[in-house]
Amino acid sequence: MAILSGYIEDEDNKQSSTSSALSFNAVLDPSNPLGFLESAFNFVSENSDMFNTDSVEKKISSLVKNIKERTMKEEAAKKEHETKEKEEIKEKPKPKPKPKLNPNKDNGLDMENHSWGQNLQEVTATVSVPLGTKSRDVICDVKKDYLKVGLKGQTPIVDGQLFETVKPNDSYWSLEDQKVIYLLMTKCDKTSWWKSLLKGGPEIDTQKAEPDKSKLSDLDMETRSTVEKMMFDQRQKQLGLPTSQETENQNMLKKFIAQNPNFDITNAKMF
């Protein structure tokens, strides 16, 4: 309910040519706005002759009309603004995915200031430096998920988070012919191809990466089986044919149908 209070200014502070100033304080209960208005009208009625005039209803009606029109305009403007924002979001072009690049002969990529390659066990990188560079001038910092290569006192040539993790203790670097830094890093995961040397860098199309067939015989049976499966699936995808997993799923489905000929599979949910 509304809480009202009023007071009349002290006689010493009011001018003789003006009427007493009244204070109106109220608390609006949103669930009962008419009760608030009724209290306000009662306050006005008790302290003025406004409701004794013939035009009071017309004036109040005009005031309500003006407030209603203003409220409707504000609501319409708000909806228009929200609609415009939604349209702008819809029209905002989605970022295009980075194009996948063809890998170089080493299943990596040749960059402006370095090159990298890989097989399923290792990642290699070569970084060109000025002729006559000494090993003591080289900075090569290999961490599990971070790489920095360069020369002392200069901006790093390669610097960033590795695309996947490596084993720092099984990683090595050397300076060849005083002009090329050669780096070898051992992968933690030996069953997948890296799309890039560093996260955020240009990515290769790993579907086109090819293991060195001459080295398959050097792999243990489990790793070799994984590699051969990956090679088979890559060829199948390139030809638009089912992968080994998809073929296995199809065979399982055929076997199930053969064992349950009366089962209606058309409405079955696949998990």
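The legends below describe close-up views of a predicted model.

**View 1**
The chain has 4 helices and 8 strands. Helices are DSSP runs of H or I with at least four residues, strands are DSSP runs of E with at least two, and both are numbered from the N terminus. Along the sequence the pattern reads α-α-β-β-β-β-β-β-β-β-α-α. Of the 271 residues, 23% count as buried, where buried means under 20% relative accessible area with a 1.4 Å probe, protein chains only. The accessible surface of the chain is about 20,400 Å², and 52% of this surface belongs to carbon and sulfur atoms; the areas come from the Shrake-Rupley method with a 1.4 Å probe. Contacts are heavy atoms within 4.5 Å. Among contacts between residues at least 6 apart in sequence, 48% join residues at least 24 apart.

**View 2**
Two strands pair if DSSP finds at least two bridges between them.

**View 1. The hairpin of strands 4 and 5.**
Strand 4 (residues 138–142) and strand 5 (residues 146–151) run antiparallel and are joined by 5 bridges. The hairpin has 3 residues between the two strands. Asp 141 stands opposite Lys 148 in strand 5.

**View 2. The hairpin of strands 5 and 6.**
Strand 5 is joined by 4 bridges to strand 6 (residues 158–161), and the two run antiparallel. Between them lie 6 residues, and Gly 153 in the turn has a positive phi of about 80°. Tyr 146 stands opposite Gln 161 in strand 6. The bridge partner of Leu 147 is Gly 160 in strand 6.

**View 3. The sheet of 5 strands and its edge at strand 7.**
An open sheet of 5 strands has the order 1-2-3-8-7, with antiparallel pairing. Strand 1 (109–110) and strand 7 (166–176) each have a single partner strand, so one side of each is left without a neighbour in the sheet. Strand 7 and strand 8 (residues 180–187) run antiparallel, with 7 bridges joining them. Trp 173 stands opposite Leu 183 in strand 8.

**Notes to the views.**
Residues are numbered from 1 along each chain as its sequence is written, and side-chain values use heavy atoms, with hydrogens and water left out. In this predicted model, local features need pLDDT of at least 70 and side-chain atom pairs count only at pLDDT 80 or more, while totals for chains, interfaces and linings use all residues.

How values were computed:
Buried < 20%, exposed > 50% of the residue type's maximum accessible area, 1.4 Å probe, protein only.
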